[in-house]
Amino acid sequence: MLGFPQDLQVGLYSNMSNYQVKTNESAGVIRGFQVKLGKVSRLLYMITSHDPNNISDFTLRVQVKDALDCILTQFCVQTPQPPPKTGSRITGQRRFLKKKEVDKIVLSPLAVTSKYPKFQDRCITNLKFGKLIKTVIRQHKSTYLLEYKKGDVIALLSEEKIKLRGQLRTKEWYIGYYQGKIGLVHAKNVLVLGKVKPIYWCGPDLTTTMLLEQILKPCKFLTYIYATVRTVLMENVGNWRAFADALGYGNLPLNYFCRTELDNEPERVASVLEKLKEESTNMENKERKSFQRELMMALLKMDCQGLVARLVLDFVLLTTAVEVASRWRELAEKLARVSRQQMEAYEAPHRDKNGLLDNECMWKPAYDFLLTWAAHVGDSYRDVIQELHLGLDKMRNPITKRWKHLTGTLILVNCLDTLRSSAFCPTGYGDFAV
């Protein structure tokens with residue numbers, strides 16, 4: 001995100017030793033007037049292979065810098081997979097990513113030498129404000145639904161509206177920040193003012209650290225499979241030192257996390273993760289950490305938003321399966337047109353020799369169904385969590401009445417852009433009100 005049009009330097013670097021990008025100072029420059037006009041810039045780079053006889057897939061790291069040589073953003077691109085030689089063409093309707101989610105959910109391996117940007121504790125300025133036109137005091141207190149007073153001002157963290165069931169019906173909600181608390185406000189109760197901060201704003205200003213801590217509240221209530229988390233991190237975190245620092249382990253040496261010397265960077269990342277797991281499950285530790293919350297906080301401080309999105313989605317699907325359990329067939333009816341035969345097919349692999357399925361094992365077919373359903377919804381993790389929430393709301397005696405953590409997760413994924421644009425934007429840049 002750029003506060004204003006400016007000159008940009010686009011650098012391309014190979015993450016593979018067999019390939020090299022020839023540097024050309026003028027090749028990767030985009031002028032500010034081109035940015036202002038919104039022109040497409042086609043940049044040419046020469047890529048050479050040290051061993052032409054050993055050509056394979058490779059990854060390139062892209063860095064976008066400003067005129068002061070500060071990194072504005074960096075990401076990886078991978079050579080595309082060759083098209084299949086045979087096979088029928090898929091003609092079904094496709095769901096596309098929302099504009100803001102492009103390049104965030106796709107995970108590409110970073111080089112071991114990658115430098116992760118530093119998380120900045122800053123006041124968040126690129127927010128819209130709204131005037132509250134109704135007083136709301138809730139009889140049944142909710143962790144994620146705000147209470148507010150008519151005439152006060154609220155900051156809006158996302159222009160997109162969230163859909164979920166209120167007391168009687170499904171409503172549209174804004175994510176708001178009001179007197180030190182983040183939560184949902186009914187869209188019809190807000191008159192949107194714009195980005196100029198009103199002089200009668202009361203309460204503390206919202207900072208990136210406050211936002212990070214508040215949106216991660218539901219994480220500690222989500223269920224996870226440790227082996228899956230370990231594998232995903234080993235594949236996608238390229239620097240154990242940066243990971244350890246983000247977790248709050250300071251400058252502790254590698255032998256603090258593992259007894260034997262590890263030459264493999266993914267194994268080093270796994271050893272740091274193992275230390276976090278030990279501290280989280282140690283019953284003797286009075287200040288026990290939440291594994292899920294600490295992990296998500298560290299990854300967000302490393303600007304690994306795509307990785308957080310993937311893990312949160314995995315956690316949400318698994319936790320929902322555990323919460324729904326024996327009622328999963330009802331949820332399947334609300335989310336998709338699943339026939340009785342298909343439901344039985346989901347349960348068949350989990351039945352015992354006598355054809356019986358224990359209630360304690362009912363989460364397994366529920367999880368299998370949710371994974372399949374989510375894949376059909378599409379690549380938009382926000383859409384998957386939103387549709388899941390709506391499906392749960394439609395159930396008889398919905399579990400969302402007592403299990404509020406999915407609402408908190410919906411707030412989390414919709415605040416990631418706001419957090420990222422403020423925490424990693426270089427000093428002097430920002431989204432200023434005109």
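Me: Where is the place of Ala325?
Reply: This is a predicted model, in which local features need pLDDT of at least 70, side-chain atom pairs count only at pLDDT 80 or more, and totals for chains, interfaces and linings use all residues. Residues are numbered from 1 along each chain as its sequence is written, and side-chain values use heavy atoms, with hydrogens and water left out. Helices (H or I, at least four residues) and strands (E, at least two) are DSSP runs, numbered from the N terminus. Ala325 is in the loop between α7 and α8.

Me: Is Ala325 buried or exposed?
Reply: Buried means under 20% relative accessible area, exposed over 50%, and partly exposed in between (1.4 Å probe, protein chains only). Ala325 has a relative accessible area of 18%, so this residue is buried.

Me: What is the phi of Ala325?
Reply: Most residues other than glycine have a negative phi. Ala325 is not a glycine, yet its phi is positive, near 50 degrees.

Me: Where is Asp303 found, a residue with a positive phi?
Reply: Asp303 is not a glycine, and its phi is about 65 degrees. Its place is the loop between α6 (291-301) and α7.

Me: How many Å does helix α10 reach from its first C-alpha to its last?
Reply: Helix α10 covers residues 363-377, which makes 15 residues. The expected span is 1.5 Å times one less than the number of residues. The reach of α10 is close to the expected 21 Å: it comes to 21 Å.

Me: Which helices are among those that cover the buried residues of α10?
Reply: The buried residues of α10 include Tyr367, Phe369, Leu370 and Trp373. Residues three or four places apart in an α-helix point the same way, because there are 3.6 residues a turn. The cover includes α7 (305-324), α8 (328-335), α9 (340-347) and α11 (381-393).

Me: Which residue follows α10?
Reply: The residue after this helix has a positive phi, near 135 degrees. It is Gly378.

Me: Which residue in β6 stands opposite Lys65?
Reply: Strand β5 (residues 59-65) and β6 run antiparallel, joined by seven bridges. Opposite Lys65 stands Ile71.

Me: Which residue takes a positive phi in the hairpin of β10 and β11?
Reply: The hairpin from β9 to β10 runs through four residues. The hairpin of β10 and β11 has two residues between the strands, and the phi near 50 degrees belongs to Gln179.

Me: Is the pair of Trp240 and Phe257 stacked or edge-to-face?
Reply: Rings of Phe, Tyr and Trp (its six-membered ring) pair if their centres lie within 6.5 Å; planes under 30 degrees apart count as stacked, over 60 as edge-to-face and the rest as tilted. The structure holds 14 such aromatic pairs. Here the centres are 6.2 Å apart and the planes are at 70 degrees, so the pair is edge-to-face.

Me: Which Tyr also forms an aromatic pair with Phe257?
Reply: Phe257 is buried, with a relative accessible area of 9%. This second pair is edge-to-face, at 5.3 Å centre to centre and 75 degrees between the planes. The partner, itself buried at 5%, is Tyr249.

Me: Which Lys lies over the face of Tyr226?
Reply: A charge sits over a ring if NZ of Lys or CZ of Arg is within 6 Å of the ring centre and within 35 degrees of the ring normal. Tyr226 forms one aromatic cluster with Tyr224, Phe291 and Phe315. At 5.7 Å from the ring centre of Tyr226 lies Lys277.

Me: What share of the residues of the protein chain counts as buried?
Reply: The chain has 12 helices and 12 strands. Of its 434 residues, the buried share is 47%.

Technical notes:
Contact = heavy atoms within 4.5 Å. Pairing = 2+ DSSP bridges.
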